[in-house]
Amino acid sequence: MNTSICFGLIFLGVVFGSEWRTSGGDHCTEKCKIGKRKDMQEVFWCPVVDGSRKEYKPEANSKPSTQDPQKEFTDEDKINWDYCTPAQKATIAADDVIEKVTLPAMVNRTKRQSGTGSGDNFNPGTQVIVRSSLPGIDCVGPCKEQSGAKFQCDISGDDPQSFFCSPESVLERIQISSQNMLWCTGSCLKENGSDYYECKTLFGLDRCSPSADRSAKGETCFSSCKKHQSQYKCHTDDTMTKLDNCGFHKSTKEGLKALEYTVDDQVCASSCEGSEKGTKICKYVEWKWENDQKIANLELKSGSCDLNAKTGTGVESTSIIVFWCIVLAVVVIAAVSFIVIKPYKTVEKKDYTPAATESI
């Protein structure tokens, strides 16, 4: 048993940074990690989505030679990925309000923009110094958009002289989409000729509401937006007979300033909520390679986001840990007492004769 748990039962590890925008402006679907990419042995990278596409074709993003239908793609080719910057972690009380440190961590936090979207109005951080996507190496210049719509910065050393970096971004949780019930990652907009407002999510476009009192068509909601047959809907007439899609604006997680993750480090595309079984779950996305078609399809899945269960600090596990901590403390106290007191515990008694005294 890790005895350090005894001194931190009321604390949870949460993410202070947002691993949100990558060097290409996409979104990570997993925690940023160190690995080999291309010809670099160690870089920060993550699988990504752009909020729209749910299909990835390697030949559209590789050299002309890789378009050979007989080519065997590597694991690196089979998913959409990008360079990223990891979020910092900190230990805070479970009931504390989470204050997000935007990605990357070393930024000027006064440079922010607000808006009704969740990602389109981010500050690219072109005037602040950030970390590069090379482990342990900071930028020595601003993170700027270069050719190919990738953000890069100057770094110290001669080889390379510059490398990829992640622009400063703001994580906003404003509304949950109607059909897949996922967090909107971009503004809620209506395209010309479309009947519905839509926003980007980690699983592509989904219907949303331009404001809390409107349907996804922009009509007035005469009832609350709530779940109807696994979709968020509201009544759009005063007789309460017509239902239409709507984006949910009153989530208990609205305004959350840190990303949530599954126990396997996937980014939660939805809010992490309690289930009927008593555990917390959320939806996440994952690329699945179809070898016959030579494409990767984006899949929407559900998984546990109950970090207490993962770390063994749930209610039941906590009780067990507390019990054994008490037992351990008693044993330690008893052992110390035995060691300290033993030399003084008993002294062999001997017979003696009082010394004679003289009267003066």
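Predicted model: local features only at pLDDT ≥ 70, side-chain atom pairs only at ≥ 80, totals over all residues.
Residues are numbered from 1 along each chain as its sequence is written, and side-chain values use heavy atoms, with hydrogens and water left out.

Around that pair, β8 (residues 144-145) and β9 (residues 151-154) are antiparallel and share two bridges; strands here are DSSP runs of E with at least two residues, numbered from the N terminus, and two of them pair if DSSP finds at least two bridges between them. The two strands make a hairpin with five residues between them, and in the turn G148 has a positive phi of about 80°. β9 also pairs with β10 (residues 162-164), antiparallel and over three bridges, with D154 opposite S162.

Further along, there is an open, antiparallel sheet of three strands in the order β13-β14-β15. Because β13 (226-228) and β15 (243-245) are at the edges and have a single partner strand each, one side of each is left without a neighbour in the sheet. Between β13 and β14 (residues 231-235) there are three bridges, and K226 has K233 in β14 as its bridge partner.

For the chain overall, 41% of the 360 residues count as buried, meaning under 20% relative accessible area with a 1.4 Å probe, protein chains only.

Technical notes. Helix = DSSP H or I, 4+ residues; strand = E, 2+ residues; numbered from the N terminus. Buried < 20%, exposed > 50% of the residue type's maximum accessible area, 1.4 Å probe, protein only.
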